[in-house]
Amino acid sequence: MRAEVVKKNRNAPEEERTQRADEAVAVYRTAGFSQEGPKPAAPFFDCMYKLDATGEASDYDFQIASDGLARRFQELQKTSPDVEWRSRQGGHFKHRHLVQAAPALYEWAARWEDTFERGVTLATFDGQGPAAGLSDHDWILIKPGESR
């Protein structure tokens with residue numbers, strides 16, 4: 001934690017960097033994470049921002065598993081094969097292309113970005129979901145094969 005805060009504030013005077021790092025460590029320890037005790041597997045939502053270890057608040061990432069939406073992307077991919085439609089990390093269709101595949105969904109995300117004043121990203125997969133698969137812990141709004 002200390003190293004991340006120092007790195008983020010590398011252009012500040014040394015005394016200020018040290019003070020900010022000490023404050024972040026104190027807050028972290030007050031939350032129950034001692035040097036000897038167990039640590040979280042990953043940073044909690046917004047904690048790195050609130051502890052002054054990064055300059056950006058966390059964003060909201062949604063994964064959409066939809067054969068219908070994936071087909072829209074695949075059709076666009078056929079017409080523009082030189083465009084990089086899929087992410088190299090995760091294999092999902094990229095959010096920025098959602099404006100072509102599903103403009104209303106892209107606008108929905110943009111409205112929430114304005115409301116929350118932070119990023120809202122939609123990663124689209126086919127109905128199988130991410131390569132790691134869907135789990136019982138995922139928030140599934142509509143199960144495959146279920147009608148509305």
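Which residues of α4 are buried? They are L69, A70, F73 and L76, where buried means under 20% relative accessible area, exposed over 50%, and partly exposed in between (1.4 Å probe, protein chains only). These residues cover an arc of only 120° around the axis, which puts them on the same side of α4; the arc is that of the directions from the helix axis to the C-beta atoms. On the other side of α4, R71, K78 and T79 are exposed.

Before going on, please keep in mind that this is a predicted model, in which local features need pLDDT of at least 70, side-chain atom pairs count only at pLDDT 80 or more, and totals for chains, interfaces and linings use all residues. Residues are numbered from 1 along each chain as its sequence is written, and side-chain values use heavy atoms, with hydrogens and water left out.

Helices (H or I, at least four residues) and strands (E, at least two) are DSSP runs, numbered from the N terminus.

The buried residues of α4 are covered by elements including β1 (60-65), α5 (98-101), α6 (103-116) and β2 (120-125); contact here means heavy atoms within 4.5 Å. In β2, 5 of the 6 residues are buried, so this strand is largely enclosed by the rest of the structure.

The strands β1 and β2 pair in the parallel sense over 6 bridges, and two strands pair if DSSP finds at least two bridges between them. Across this pairing, D61 stands opposite T121 in β2.

## Aromatic rings

Rings of Phe, Tyr and Trp (its six-membered ring) pair if their centres lie within 6.5 Å; planes under 30 degrees apart count as stacked, over 60 as edge-to-face and the rest as tilted. The structure holds 8 aromatic pairs. In one of them, the ring centres of W112 and F116 are 5.0 Å apart and the planes are at 25°, so the pair is stacked. W112 and F116 are 4 residues apart in helix α6, and are therefore separated by about one helical turn. W112 is partly exposed, at 35% relative accessible area, and F116 is also partly exposed, at 37%.

Ring pairs link F45, Y60, F62, W108, W112 and F116 into a cluster. Elsewhere, R86 lies over the face of F93, at 4.0 Å from the ring centre. A charge sits over a ring if NZ of Lys or CZ of Arg is within 6 Å of the ring centre and within 35 degrees of the ring normal.

## Residues in the loops

Is H95 buried or exposed? At 16% relative accessibility, H95 counts as buried, and its place is in the loop between α4 and α5. Not counting residues up to four places away in sequence, H95 touches Y106, A109, V120, T121 and L122.

Now look at two aspartates. D46 is found in the loop between α2 (14-30) and α3 (47-50), and has a positive phi of about 70° although it is not a glycine. D46 is buried, at 6% relative accessibility. D52 lies in the loop between α3 and β1, where its phi is near 70°, a positive value in a residue other than glycine. D52 is buried, with a relative accessible area of 17%.
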